Structure formats: structure tokens, C-alpha cells
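User: I'd like to learn how to read this one feature by feature. Could you take me through it?

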Amino acid sequence: MLERTIVEAARGEADQPHSPVVRFGADKPLKLDAGGVLSPFQIAYQTYGTLNAARSNAILICHALSGDQHAANVHPVTGKPGWWETLIGPGKPIDTDRYFVIASNVLGGCLGTTGPSSTNPETGQPYGLDLPVVTIRDMVRAQAMLIDHLGIDRLLAVVGGSMGGMQVLQWAASYPERVFAVMPIATAARHSAQNIAFHEVGRQAVMADPDWRGGRYLAEGTSPRRGLSVARMAAHITYMSDSSLHRKFGRRLQDRDGHTFSFDADFQVESYLRHQGEAFVDRFDANSYLYVTRAMDYFDLAGDYGGVLANAFKGAKTRFCLVSFTSDWLFTTADSRAIVHALNAAGAQVSFTEIETDKGHDSFLLDEPEFFAITRGFIDAAARAVGVN
Amino acid sequence: MSPRDLVLEELKANDLTMREAARGEQGKRIDLLLISQMVKPGSRVLDVGSGDGELLELLATTRGCDARGIELSREGVNAGVARGLPIIQGDADVDLADYPDNAFDYVILSQTIQATRRPKWVLEQMLRIGARAIVSFPNFGFWRMRLDLLINGRMPSTENLPYRWHDTPNIHFCTIRDFVDLVEEVGAQIEKATALDASGHPVRVNLPWAVWNLLGEQAVFLLSRKG
């Protein structure tokens with residue numbers, strides 16, 4: 001019964017989210033990389049702290065694949081704390097007593113910004129696969145329209161990890177004059193073949209579920225729960241590391257004394273992954289998963305600049321701070337270093353550090369004191385340079 | 001653990017190539033003050049082997065420089081970035097290749113050249129990336145080093161360089177005279193040179209290299225490309 005409620009609550013967020021919403025009408029179409037425009041469309045967002053009189057203390061937070069705009073508040077669907085509450089809040093490294101923090105749901109998402117589960121105004125039905133495929137650059141274009149709407153010319157900083165980091169890099173490339181400092185964390189300037197491969201496995205799992213119904217499951221009253229759950233399970237492995245899985249679970253058995261000689265979840269790690277899959281399905285739309293993973297696959301920043309990444313940042317006055325994590329094998333230190341090299345070639349001001357941890361890609365969401373100290377130091381230095389008190 | 005071992009442990013933890021050099025009146029390292037005085041105000045500076053950014057901070061606050069750093073040790077980088085300084089975790093022996101020509105007015109290598117694998121390559125890169133290079137290093141021709149080797153017959157180890165030969169980041173020591181030869185070899189010219197005595201103070205008098213080589217515990221050179 002409870003589960004049903006969460007699913008319904010999540011479904012309700014697509015059109016009528018528990019967040020402020022900006023609706024962009026026919027006069028403000030969103031130009032898409034796939035060609036054509038999206039219009040009308042809407043963006044759901046959360047803010048924390050207060051915009052100062054000079055409008056100079058705004059920080060935009062970009063979320064990752066499975067994230068949303070609820071970065072630092074209790075999630076309206078799951079009731080869980082915001083995904084970056086460790087980092088954002090009063091007195092936290094991104095201090096909402098000093099900064100005005102904005103977090104918006106990405107284009108293609110399912111928590112209130114236009115995505116495949118939103119109602120298509122032309123048909124009155126959910127878009128499903130009728131929504132054009134969107135890119136990271138489209139997401140960022142939409143965010144820039146939100147920032148315009150909020151009356152902010154220049155952001156103090158744009159911060160994000162993983163897919164959020166891709167958006168951060170896109171911000172620096174597309175709107176260098178509109179952002180003073182950027183923090184791309186655990187990310188890459190292009191999605192690797194291995195990462196595209198993992199995403200393809202996830203998408204195929206969704207599409208192989210008969211309840212996916214060619215993407216029309218919402219209209220037909222089904223839900224590709226098993227497919228999406230498998231996709232999430234596979235992806236979740238890539239967010240951790242061999243050593244963190246070993247430390248957390250080892251070969252320990254789940255509530256039993258011996259092997260059952262069946263395909264039940266004998267091992268704790270199996271039970272954990274099943275739980276992760278189930279919990280994700282309750283709150284996330286399967287088609288959104290297809291759209292957002294696709295946006296990451298298409299991301300290749302250098303590709304838009306003649307194949308030379310440094311050209312994306314040419315003449316940039318923006319300050320950069322890149323962070324990678326030693327055990328992250330999804331977005332490796334080598335990926336971050338490639339960006340650093342390009343930034344050096346472009347003469348940009350860069351900080352870069354690798355944090356030692358065994359927690360894998362998910363480290364950027366976890367309690368990593370060194371990462372927090374670096375974030376605080378970098379953001380506060382940017383604020384001093386801009387003259388934010 | 002003996003006091004000496006404790007010092008060694010701490011040094012290793014911080015991955016510093018030298019023990020804290022002598023400090024001046026405001027607690028600033030004298031060699032760093034000397035270097036910062038060689039830098040024209042408002043310059044673009046790259047500090048190679050910047051540690052936790054002490055020199056970067058000095059250059060930014062007292063000389064109004066756009067000063068950036070590269071540092072090998074994660075601890076050094078993290079401490080510096082947490083203070084808002086632009087430092088990149090990287091290896092001078094490799095990463096200098098990525099910088100374009102003439103990207104900086106000065107490229108500084110303070111107390112680090114002896115820890116690089118390819119000192120000549122590093123010096124060449126510095127002079128390519130920057131219009132000028134500033135290099136400070138411990139002088140192995142210092143009389144105490146020579147005496148130590150002569151009397152004890154062991155690899156010298158001083159207050160500033162307490163490592164043992166088999167466990168040291170310092171793999172390419174040189175003397176002032178050796179360094180002058182290298183400058184010649186890479187086609188650079190010496191604009192200014194200073195030797196620091198054991199207390200960290202400049203050897204005032206202008207003396208022949210051979211004498212500086214004997215009296216200087218450290219040396220600081222300001223170099224530029226020839227012609």
C-alpha cells in the first residue's frame with residue numbers, strides 16, 4: 001500500500017511538483033540540439049538562502065543522473081534528506097547563510113521539469129518517446145533561461161558531480177561570462193565507450209521489459225518495474241568499488257546460515273542491489289532514465305569545438321576547481337586530468353585534486369571531509385574575489 | 001622513535017623536499033621572500049612544486065600576482081585549495097608539457113629541482129612556458145656538506161636535508177657551479193643570482209662562483225632565455 005503511494009506521489013511530481021515551477025510559453029521556446037524547439041516547457045527548481053541586493057551570491061547546483069532539484073530539503077516523495085545536504089545548508093561548505101543556492105530538475109527528468117512523463121499539451125497524454133531526445137547542452141540552455149527568469153546575470157558558481165559535472169563544464173563553455181567559478185566533480189568532458197556501454201545495458205533492460213510497451217506504459221497503465229530495477233542494479237555497481245563492496249558485504253549471507261542452492265538472494269550484496277533497484281523504480285520514471293542516460297552518452301564537449309577541448313575554454317576568465325576520487329572507475333582521475341590539461345592549454349585558472357577514498361564514484365555524495373574543505377575554500381575564495389560578504 | 005626519526009616521519013607525511021627553511025620577521029621563509037622580490041608586481045606566475053601554496057599566497061597578497069601552483073603531494077594540494085589557492089595536483093616531470101609557450105611571466109621552482117627526475121627537461125620547459133624562470137635549490141657544494149663527506153665518509157645530511165641516501169625524494173642534487181653549467185647548457189642567461197648562508201641570509205658580497213659555492217647553503221637564480 002505504502003509502495004503504491006510513493007509511486008503515485010512520484011507520478012504526480014511530473015506535472016505538479018512540490019517545487020516552484022517556471023513555465024516558458026510560446027514566446028520563449030527552447031532550442032534543441034536534435035533540431036527544432038521545445039515549447040511550451042517548464043522547469044521545477046528549489047532555492048536555499050537569500051539572493052543579495054547585488055545579485056552576486058547565486059550558486060547553481062547541477063544534479064546527476066538519478067538526482068533531482070531536492071538537493072538540500074526533505075524529498076517530497078521519499079521523505080529522505082536531500083542528496084547533497086552534507087554539502088549545502090546553513091554553515092555547510094556551500095553555506096546558505098551566505099549564498100543563494102539554486103537547484104533545478106534537468107530537462108528530460110521526472111520531478112517537474114519537462115520530460116517524457118510530462119503531459120504533452122498537444123495530446124493531453126504523457127510525452128513518452130514523442131519528446132525529442134535532449135542533450136547536456138539543452139539542459140544547460142534551459143537552466144540559463146531559469147537563471148534569466150530569476151534576474152541573475154552572473155552566477156558566483158556552478159557546482160555538480162558526475163552528469164552534474166558535465167553540465168558544469170557545458171556552462172563554462174557556453175556561458176563563460178555568466179559564471180565566475182565552476183566545480184566539475186567526478187566527471188569527464190566526454191562519455192567513454194565503457195560508460196556508454198553500461199548505459200546501453202540499462203536501457204536495453206528497460207526496453208526488454210514487456211511492460212515498457214514501446215514507451216507508452218503510462219498511457220497503458222503498466223510500469224516496466226523489473227527492467228528499470230535491473231538497470232539501476234547494474235548501474236549501482238558502477239557507482240561503487242570492488243573494495244567498498246567487499247568492505248560493506250564481503251561474501252556475507254542475508255538472514256540465513258547457509259546457501260539455499262537456489263536463485264534467491266543468498267548474499268547480502270544481492271539483497272542490497274535488489275533493494276536499490278526497487279527503491280529507485282518507485283521514484284524514477286523509466287523513460288526519463290532512457291533520455292537522461294542518452295544525454296550523457298552524447299556528451300563530448302571537444303566535439304563542439306573542432307575536437308580540441310582547450311578551445312572550449314579559450315580565453316576563459318572562469319575559475320575552475322576539479323575534484324576526482326581515487327577509487328572512481330566510472331569517471332576516473334585520468335578523465336579529470338584530461339580536462340585540467342585542456343584548461344592549462346587554454347590558460348585558465350585551475351585547481352585540481354584527487355581525493356583518496358575507496359568509496360568509488362558515489363564518493364562525491366558521501367561524507368568526505370577533504371572534499372568538503374576544498375569546496376568551502378574554493379567557493380569562499382570566489383566569493384571574496386567577487387566581493388560577496 | 002628518536003627525534004630525528006620523528007622529523008623524518010613528519011617530512012614524509014608532508015612530502016616536503018626540504019625541512020622548513022629559515023624564516024624572517026613575519027614568519028615568512030626568507031628564500032620565498034627573496035624570490036617574491038624578484039617578481040614584478042602584477043605578473044602571471046606558475047609555482048612548480050608549490051607545496052601548500054605559501055609562496056602563491058605571498059605573491060598574491062604582497063605583489064598582486066596571478067599566481068598558480070602545481071604540486072605532487074595530495075596533502076599539499078588539498079591544504080592549499082582549501083585556502084582558496086589555485087593549485088593543480090600534478091607532476092612537474094610530466095605536466096609542464098601541457099602549458100603553452102609564454103603562458104606566464106615567471107615560472108618558479110623553489111627547492112624542488114633536486115627532486116625532479118629530469119631537471120634539464122624541467123628547466124627547459126620552465127623557460128618555454130615563462131619569460132623568466134626562478135630556481136632555488138640546496139647547494140651540495142656548501143662547505144659543511146663537503147666537510148661531512150670528507151670527515152665522516154658518508155652522504156651528507158644537514159638540518160635542511162636530513163634524509164638518508166636510500167630514502168629521500170631528492171635524487172638530483174647539484175652544486176651552484178653544476179647549476180651554472182646547466183643554465184649554460186639549456187641556453188639561458190642569469191639575470192640575478194643570490195646565495196643564502198646557513199641562517200638563510202643572502203651572502204652579501206659579490207663573490208666568484210667558487211666562493212658562493214662554498215658559502216651558500218642555498219642559491220636562488222633568476223633566469224631568462226638568451227637573445
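**Reading the model**

Analyst: Let's begin with a covered helix: in chain B, 7 of the 9 residues of helix α4 (residues 74-82) are buried, so it is mostly covered. Buried means that 20 or more other C-beta atoms lie within 10 Å of the residue's own; exposed means 12 or fewer, partly exposed is in between, and C-beta atoms are placed from the backbone. Helices (H or I, at least four residues) and strands (E, at least two) are DSSP runs, numbered from the N terminus. This is a predicted model, where local features need pLDDT of at least 70 and side-chain atom pairs count only at pLDDT 80 or more, while totals for chains, interfaces and linings use all residues. Residues are numbered from 1 along each chain as its sequence is written, and chains are lettered from A and ligands numbered from 1 in the order in which they are written.

User: Which residues of α4(B) are buried, and what covers them?

Analyst: The buried ones are B:Gly76, B:Val77, B:Asn78, B:Ala79, B:Gly80, B:Val81 and B:Ala82. Their cover includes β2 (66-71) and β3 (87-89) of chain B, along with β11 (319-325), β12 and α12 of chain A. Just after α4(B), B:Gly84 has a positive phi of about 85°.

User: How many residues does each chain put into the contact?

Analyst: Two residues are in contact if their C-beta atoms, placed from the backbone, lie within 7 Å. Here chain A gives 20 residues and chain B gives 16. On the chain A side, α11 (333-345), β12 and α12 each supply at least two residues, and α12(A) has the largest share, with 7 residues. That side divides into 9 nonpolar, 7 polar and 4 charged residues. For those classes, Ala, Val, Leu, Ile, Met, Phe, Trp, Tyr, Cys and Pro count as nonpolar, Asp, Glu, Lys and Arg as charged, and the others, Gly among them, as polar.

User: Where does UniProt place the "active site"?

Analyst: A caution on annotations: UniProt positions use the numbering used here, feature names are shortened, and entries may be inferred rather than shown by experiment. The unreviewed entry lists A:Ser162, A:Asp328 and A:His361. They are spread over 200 residues of sequence, yet cluster in space, with a largest C-alpha distance of 10.7 Å.

User: Why does A:Asp328 count as buried?

Analyst: A:Asp328 counts as buried because it has 28 C-beta neighbours inside 10 Å. Its place is the loop between β11 and α11 of chain A. Leaving aside neighbours within four places in sequence, A:Asp328 is in contact with A:Ala186, A:Gly360, A:His361 and A:Ser363. A:His361 sits in the loop between β12 and α12 of chain A, and is buried with 24 C-beta neighbours inside 10 Å.

User: Which residues carry the "binding site" feature?

Analyst: In the unreviewed UniProt entry, they are A:Arg232 and A:Asp362. Spread over 131 residues of sequence, they still cluster in space, with a largest C-alpha distance of 13.9 Å. A:Arg232 is in helix α6 (residues 225-239) of chain A and is buried, with 22 other C-beta atoms within 10 Å. A:Asp362 lies in the loop between β12 (349-355) and α12 (369-386) of chain A.
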